[in-house]
Amino acid sequence: MYYIDIPSFSVVKSAKKFINSFATGVAYFERIPEGKFSIKSNLISMASYVLKINGSRQSVEVDADTPVLWVLRDHLRLVGTKYGCGMAQCGACTVLMDGYAVRSCSIPVSSVGDKALTTIEGLSEKGDHPLQLAWEEKDVPQCGYCQAGQIMNAAALLSQNSSPTDEEIDAAMNGNICRCGTYTRIKAAIKIAAQTN
């Protein structure tokens with residue numbers, strides 16, 4: 001047990017028990033006499049992972065339950081992948097895992113293993129992937145927030161079906177939400193990319 005001297009810590013002074021969440025666990029602060037607090041902690045030990053991301057190996061030290069999204073954004077500074085809902089419902093966090101579209105907000109880093117992850121940053125070095133060029137040609141983005149997830153989901157579709165029908169595009173892209181409603185332009189861009197792919 002550790003003791004810290006915080007005589008003016010008003011939140012803890014006014015409460016018998018204060019819980020503060022940390023990325024690594026939860027620490028409980030309890031008031032004890034003479035303005036000191038005891039810290040009882042159930043901190044979780046970090047594990048080391050070597051991940052294949054965008055063609056290179058990256059080492060991270062994180063909790064086993066940390067979602068891939070937060071490993072990418074917070075630990076590796078690959079911020080193209082966006083947080084949307086945190087429940088795998090909107091598609092903003094879509095990345096490729098061994099070529100398949102997955103929602104990185106719901107995949108714990110411990111489940112990745114030797115699978116290859118590809119983010120929007122790794123789709124092409126110069127931003128010249130057929131989908132990225134088609135997105136520009138059709139002026140798809142409005143706010144742009146969901147577009148990385150849209151493009152990654154479309155990349156998975158085209159890697160498995162190089163000439164999808166409208167119905168196949170609709171089915172594959174279902175679940176990737178665009179709040180700006182650019183679905184018609186998304187479909188048109190996918191068709192252009194399929195022709196040039």
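## Val62 in strand E6

Val62 is buried in this predicted model. Its relative accessibility is 1%. The residue lies in strand E6.

Leaving out residues up to four places away in sequence, Val62 touches Met46, Ala47, Tyr49, Val71, His75 and Val109. Ala47 is one of these contacts. Val62 and Ala47 stand 15 residues apart in sequence, yet their C-alpha atoms are 5.6 Å apart.

## The sheet

Strand E6 belongs to an open sheet of 5 strands. The order runs E6-E5-E9-E7-E8, with mixed pairing. Strand E6 (56–62) and strand E8 (100–103) stand at the edges. Each has a single partner strand, so one side of each lacks a neighbour in the sheet. On average, neighbouring strands are turned by 45 degrees against each other, direction ignored.

Strands of a sheet pair through backbone hydrogen bonds, in either a parallel or an antiparallel sense. E7 and E8 pair in the antiparallel sense, over 4 bridges. Within this pairing, Leu96 stands opposite Ala101 in E8.

## Helices on the sheet

H2 packs on the sheet. The helix touches strand E5 (47–53), E6, E7 and strand E9 (116–118). Its direction makes about 100 degrees with that of E6.

Helix H5 (residues 147–160) also packs on the sheet. H5 touches E7, E8 and E9. The direction of H5 makes about 35 degrees with that of E7.

Thr119 is found in the loop between E9 and helix H3 (120–123).

Neighbours within four places in sequence aside, Thr119 is in contact with Ile53, Asn54, Leu72, Leu78, Thr81, Val95 and Met152.

## One aromatic pair

How many aromatic pairs does the rule give? The count is 1. The partners are Trp70 and Tyr83, with ring centres 5.4 Å apart. Their planes meet at 35 degrees, so the pair is tilted. Planes under 30 degrees apart would count as stacked, and those over 60 as edge-to-face.

The pair links distant parts of the chain. Trp70 sits in helix H2 (residues 68–75), while Tyr83 sits in the loop between H2 and strand E7 (94–97). The two residues are 13 residues apart. Trp70 is partly exposed, at 29% relative accessibility. Tyr83 is partly exposed as well, at 35%.

How many disulfides does a search of the whole structure find? It finds 0. For Cys105, the closest cysteine sulfur is in Cys93. That sulfur is 3.7 Å away, too far for a bond. The cut-off for a disulfide is a pair of cysteine sulfur atoms within 2.5 Å. Cys105 counts as buried, at 11% relative accessibility.

Cys180 is in no disulfide either. Its nearest cysteine sulfur is that of Cys143, 3.7 Å away. Cys180 is partly exposed, with a relative accessible area of 28%.

Technical notes:
Residues are numbered from 1 along each chain as its sequence is written. This is a predicted model: local features need pLDDT of at least 70, side-chain atom pairs count only at pLDDT 80 or more; totals for chains, interfaces and linings use all residues. Side-chain values use heavy atoms; hydrogens and water are left out. Rings of Phe, Tyr and Trp (its six-membered ring) pair if their centres lie within 6.5 Å; planes under 30 degrees apart count as stacked, over 60 as edge-to-face and the rest as tilted. Buried means under 20% relative accessible area, exposed over 50%, partly exposed in between (1.4 Å probe, protein chains only). Two strands pair if DSSP finds at least two bridges between them. Axes are lines fitted to C-alpha atoms, for helices over the stretch in contact, and angles run from 0 to 180 degrees between N-to-C directions. Contact means heavy atoms within 4.5 Å.
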